[in-house]
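Please look over the sequence and the model before reading on.

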Amino acid sequence: MGKPFLEVDDFFNGLGELLKAQQERGKGSIYLTQKRGPTTPSSVLPSKDLPEGTDLILIRASDSKNGRSKSSSRTKLTTFVAPSELDKFYERYATMCKAGMLGLKPRDKSKKKSQQKKKKKRAAAATEE
């Protein structure tokens with residue numbers, strides 16, 4: 001059988017480690033996917049007290065293959081979230097992503113702006129002639 005499913009808190013702890021490792025590498029991506037999960041939560045997560053027939057949402061986070069040695073394996077994290085807890089989950093996820101983006105450098109837009117100004121001047125000069 002594959003890796004066990006994580007509780008939401010363990011999932012976020014692992015996601016924090018993934019973001020930190022990605023920042024240290026300086027490149028790479030982290031993918032978050034979701035899909036409809038099983039309708040019987042007791043078969044997947046016995047600790048969840050949900051009514052029978054509740055559709056869970058399967059959420060996975062994995063890192064990209066970029067920036068890792070060939071011997072290291074891809075990190076995958078999997079958890080199940082109840083639909084009633086989804087808003088709270090995404091709020092926490094957004095907070096974590098914002099914290100993970102602190103090391104990013106802002107894009108240099110000055111070069112692009114100067115090129116656009118040159119184009120406008122050329123177009124204005126061409127229309128005057």
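The text below treats a central strand, the nonpolar core and the salt bridges in turn.

The model is a predicted one, in which local features need pLDDT of at least 70 and side-chain atom pairs count only at pLDDT 80 or more, while totals for chains, interfaces and linings use all residues. Residues are numbered from 1 along each chain as its sequence is written, and side-chain values use heavy atoms, with hydrogens and water left out.

**Strand S3 and Thr79**

Helices (H or I, at least four residues) and strands (E, at least two) are DSSP runs, numbered from the N terminus. Strand S3 covers residues 76-81 and includes Thr79. Of the 6 residues of S3, 5 are buried, so this strand is largely enclosed by the rest of the structure. Here buried means under 20% relative accessible area, exposed means over 50%, and partly exposed lies in between (1.4 Å probe, protein chains only). Thr79 has a relative accessibility of 0% and therefore counts as buried. A polar atom of its side chain lies 2.7 Å from the backbone oxygen of Leu6. Not counting residues up to four places away in sequence, Thr79 touches Leu6, Phe11, Ile57 and Phe89, among others; such contact means heavy atoms within 4.5 Å.

Strand S2 (residues 57-63) runs antiparallel to S3, and 6 bridges join them; strands pair if DSSP finds at least two bridges between them. Leu58 has Phe80 in S3 as its bridge partner.

**The nonpolar core**

A nonpolar core is a set of buried Ala, Val, Leu, Ile, Met, Phe, Trp, Tyr and Cys residues joined through side-chain atoms within 4.5 Å. The largest one has 14 residues, and those with the most contacts inside it include Phe11, Ile59, Leu77 and Phe89. Helix H1 (8-25), S2, S3 and helix H3 (86-100) each supply at least two residues of this core, and H1 gives the most, with 5 residues. Beyond its neighbours within four places in sequence, Leu77 is in contact with residues including Leu6, Phe11, Leu15 and Ile59.

**Salt bridges**

The whole structure holds 2 salt bridges, each a side-chain nitrogen of Lys or Arg within 4 Å of a carboxyl oxygen of Asp or Glu.

| Pair | N to O distance | Sequence separation |
|---|---|---|
| Asp9 and Arg92 | 2.7 Å | 83 residues |
| Arg36 and Asp55 | 3.2 Å | 19 residues |

Asp9 is partly exposed at 47%, and Arg92 is partly exposed at 36%. Arg36 is exposed, with a relative accessible area of 62%, whereas Asp55 is partly exposed at 27%.

Notes:
A polar contact is a pair of N or O atoms within 3.5 Å; within protein, one must be able to donate a hydrogen and the other to accept it, and residues adjacent in sequence count only if both atoms are side-chain atoms.
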